[in-house]
Amino acid sequence: CPGRPLSPLCPQVQQNVERLFTRFVEEGKATVRLREPAVDLCLSKANVINLKTFLSAVRLAHQGNDTGVLPLSPLVPAKNSDVEKPKTKMIITSRRDYPLTKSFPFSLEHLQTSYCKLARIDSRVLCLKKLRKLDLSHNHIKQLPATLGDLAYLQELDLHDNHLEAFSGALCSSGLQKSLQLLDLSQNQIQALPIEFCQLRGLVQLRLDDNALLRLPCRIGQLSRLRFLSAARNKLPFLPSDFRKLSLENLDLFGNPFEQPNPLVPNIQLKIPLTLLECAARATVNHRIPYGCHLLPSHLCKDLEVAKTCRCGSSCLSSFIQITVTMNLHHVAHTVVLVDNMGGTEAPVLCYFCSLDCYSQFLDRHLQSNG
């Protein structure tokens, strides 16, 4: 280690040193390239005089000359306090502190680069394979690269206050499926999330506040580990039917323009008789018949993945009756932030029926309970 007294060099140096890089020796830096093992020994923060002495000895040994003429003293082990530990956390909160020429330490597990006016994610960040927490909040990022999904250990991703208009379906199908636990997309310009979003099954906390969301993912109930959901101040007219399956600790839907539910005014998309495609689709989902892109066109597979579920438990694809009904949000969350300034904790949720018979049975019960 440069800066420490050195012991005599062994004869093997002559055959093992491939090249010396000494351009920055005046800064206490140098690199010794070895043949076996094939590695580069990078020396930094060294005492310049000691480093030059060490390099001179290596150069003489490499040339086969006698190193005895150099004043080399016994090597003393470095103290723990003298050894620099790998850096695991870096916080940058201004543009002027952002590294433009230096690389990020590959040992980083937590990186925050906020208020740096970044228009896109730095490709150097995408090489930090040990990252567990990435905070890119308060920037100008408009799009997320698909390679962000290669950060296999990423647990927390904060994109709060950027210019995002979408969250890529490719990211939802990446390694983030298992690793990602916290996702903050608040204060962006997102109108909708992709169908694949609910493949992020590891999510525990999801923040979607202050976007332009017109709907939540139709399969949001698949996020079985989700405990904290915040989607305040969006443009949600109602909640998806699958919302009933959630089991949350905290829910915030304040400030959305929820519609007034009216079960007596249905949206009828029912086609009688049912088409052959609808019959086949219902049978596939109801009987859990295996399917995939190797058997069916990809657009049919996507349709089957978002099949609607009637109150009777049967599925329907494009032939159904749709209404909105009132749901008390305490059914899905322990703590509920008031939906409006009137103290309400109820919201409209979509409800589907696969047939006129199912809708009629519901309507009878509804009229009786309100009669």
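# Tyr115 and Other Cases: Values Against Cut-offs

Student: Why is Tyr115 called partly exposed?

Tutor: Tyr115 has 49% relative accessibility. Buried means under 20% relative accessible area, exposed means over 50%, and partly exposed lies in between, using a 1.4 Å probe and protein chains only. The value of 49% falls in between, so Tyr115 counts as partly exposed.

Student: What are these values computed from?

Tutor: This is a predicted model, where local features need pLDDT of at least 70, side-chain atom pairs count only at pLDDT 80 or more, and totals for chains, interfaces and linings use all residues. Residues are numbered from 1 along each chain as its sequence is written, and side-chain values use heavy atoms, with hydrogens and water left out.

Student: Where is Tyr115 found, and what is its phi?

Tutor: Tyr115 sits in the loop between β5 (110-113) and β6 (133-135). Helices (H or I, at least four residues) and strands (E, at least two) are DSSP runs, numbered from the N terminus. The phi of Tyr115 is positive, about 55°, although Tyr115 is not a glycine.

Student: What phi does Gln187 have, and where is Gln187 placed?

Tutor: Gln187 also is not a glycine, and its phi is positive at about 55°. Its place is in the loop between β8 (182-184) and β9. With a relative accessible area of 34%, Gln187 is partly exposed.

Student: Which two residues does a cis peptide bond join?

Tutor: The bond joins Ile272 and Pro273, with omega at about 0°. Pro273 lies in the loop between β12 and α5.

Student: What makes Lys52 and Glu26 a salt bridge?

Tutor: A salt bridge is a side-chain nitrogen of Lys or Arg within 4 Å of a carboxyl oxygen of Asp or Glu. For Lys52 and Glu26 the N to O distance is 2.7 Å, and their side chains meet in a salt bridge. The pair links distant parts of the chain, 26 residues apart: Lys52 is in helix α2 (residues 48-62), and Glu26 is in the loop between β1 (17-21) and β2 (30-34). A search of the whole structure finds 6 salt bridges.

Student: Why can such side chains pair?

Tutor: Side chains of opposite charge can pair when their charged atoms come close.

Student: How do you know that Lys52 and Glu26 fall in their accessibility classes?

Tutor: Lys52 has a relative accessible area of 36%, so it is partly exposed. Glu26 has 55%, so it is exposed.

Student: What does the salt bridge of Arg233 and Asp210 tie together?

Tutor: The closest N and O atoms of Arg233 and Asp210 are 2.8 Å apart. Arg233 lies in the loop between β10 (228-230) and β11, and Asp210 in the loop between β9 (205-207) and β10, so the pair ties together parts 23 residues apart in sequence.

Student: What separates Arg282 from Glu278 in helix α5?

Tutor: Arg282 and Glu278 are 4 residues apart in helix α5 (residues 276-286), which means a separation of about one helical turn. They form a salt bridge, with the closest N and O atoms 2.9 Å apart. Arg282 is buried at 12% relative accessibility. Glu278 is buried at 1%.

Student: Why is strand β15 described as largely enclosed?

Tutor: In strand β15 (residues 321-328), 6 of the 8 residues are buried, so the rest of the structure largely encloses it.

Student: Which strands pair with β15, and over how many bridges?

Tutor: Two strands pair if DSSP finds at least two bridges between them. β12 and β15 pair in the antiparallel sense over 2 bridges. Strand β17 (residues 346-353) is joined to β15 by 8 bridges, and these strands run antiparallel. Within β17, Cys351 is the bridge partner of Ile323.
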